[in-house]
Amino acid sequence: MKIFADTANIDEIKRINDLGLLDGVTTNPTIIAREGKDWETVEKEICAIVDGPVSAEVTADDTDGMVTQARELSKWADNIVVKIPMTEAGLKAVNILSKEGIKTNVTLVFSAAQGLLAAKAGATYVSPFLGRLDDIGASGLELVEKLRQIFDIYGYQTEIIAASIRHCQHVEQVALAGCDIATIPGHLIPKLWEHPLTDKGLATFKKDWAEFEQLQKK
Ligand code: G3P
């Protein structure tokens with residue numbers, strides 16, 4: 001499963017990229033606003049660091065506005081993917097953009113029917129939101145499982161990006177569900193390699209080795 005960083009924080013992106021673990025990045029208006037920098041500058045900086053797709057989201061509501069903005073965003077870098085909201089206007093925009101060869105990521109997907117329509121419209125990626133579904137008592141994982149099944153039955157090439165990931169279990173669950181990609185908040189990615197028993201075990205090894213070395217010297 002590919003790992004994307006759901007962040008526009010350059011330090012977080014570099015940290016994961018330096019480990020060779022980063023396959024892409026996703027951003028949205030909230031994530032960009034959080035950094036407080038110029039949007040185009042930040043996206044271009046991310047695109048230069050990451051050897052993989054970087055999602056930048058349109059802010060227009062209507063099809064014409066989305067398409068115009070998407071064409072502009074796609075010129076920012078070769079690896080830009082345009083994030084389009086899951087609305088009627090968004091589906092129409094995805095249909096137009098896919099015919100122009102502009103890659104799209106349909107975002108704010110909360111049902112399998114929405115994901116199916118996004119794939120039919122020609123989306124390159126579809127982003128079901130796990131955490132936000134769990135928050136309202138529904139199952140984000142169930143949605144990923146349904147999308148996996150539907151895309152496999154009909155042979156859609158659209159890749160599933162599990163978004164709104166809140167904890168390590170989400171990552172393990174979507175990996176087991178055959179999800180193509182998990183986009184994970186930058187602060188959460190280190191939690192995937194950290195474990196208290198690893199730290200405890202390492203501390204014991206160090207202590208025992210130090211004692212052994214002392215004995216050897218006597
Ligand atoms: O980028 C889209 C999604 O991952 C946002 O997640 O945590 O705001 O629900 P969240």
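Count Ala, Val, Leu, Ile, Met, Phe, Trp, Tyr, Cys and Pro as nonpolar, Asp, Glu, Lys and Arg as charged, and the others, Gly among them, as polar. By that scheme the shell around the ligand holds two nonpolar, two polar and four charged residues.

This is a predicted model: local features need pLDDT of at least 70, side-chain atom pairs count only at pLDDT 80 or more, and totals for chains, interfaces and linings use all residues. Residues are numbered from 1 along each chain as its sequence is written, and side-chain values use heavy atoms, with hydrogens and water left out.

Start at the ligand. Around it stand Asp6, Asn28, Lys83, Phe129, Arg132, Ala163, Ser164 and Arg166 (a residue is near if one of its heavy atoms lies within 4 Å). Asp6 places a polar side-chain atom 2.5 Å from a ligand oxygen. A side-chain N or O atom of Arg132 lies 2.7 Å from an oxygen atom of the ligand. Ser164 also has a side-chain N or O atom 2.7 Å from a ligand oxygen. The protein buries 83% of the 310 Å² that the ligand exposes when taken alone (Shrake-Rupley method, 1.4 Å probe).

Now turn to the strands (DSSP runs of E, at least two residues, numbered from the N terminus). Strands pair if DSSP finds at least two bridges between them. E1 (residues 2-5) runs parallel to E8 (residues 181-184), with four bridges joining them. Lys2 has Ile181 as its bridge partner in E8. E1 is also joined to E2 (residues 24-26) by two bridges, again in parallel. There, Ala5 stands opposite Val25.

Definitions and conventions:
A polar contact is a pair of N or O atoms within 3.5 Å; within protein, one must be able to donate a hydrogen and the other to accept it, and residues adjacent in sequence count only if both atoms are side-chain atoms.
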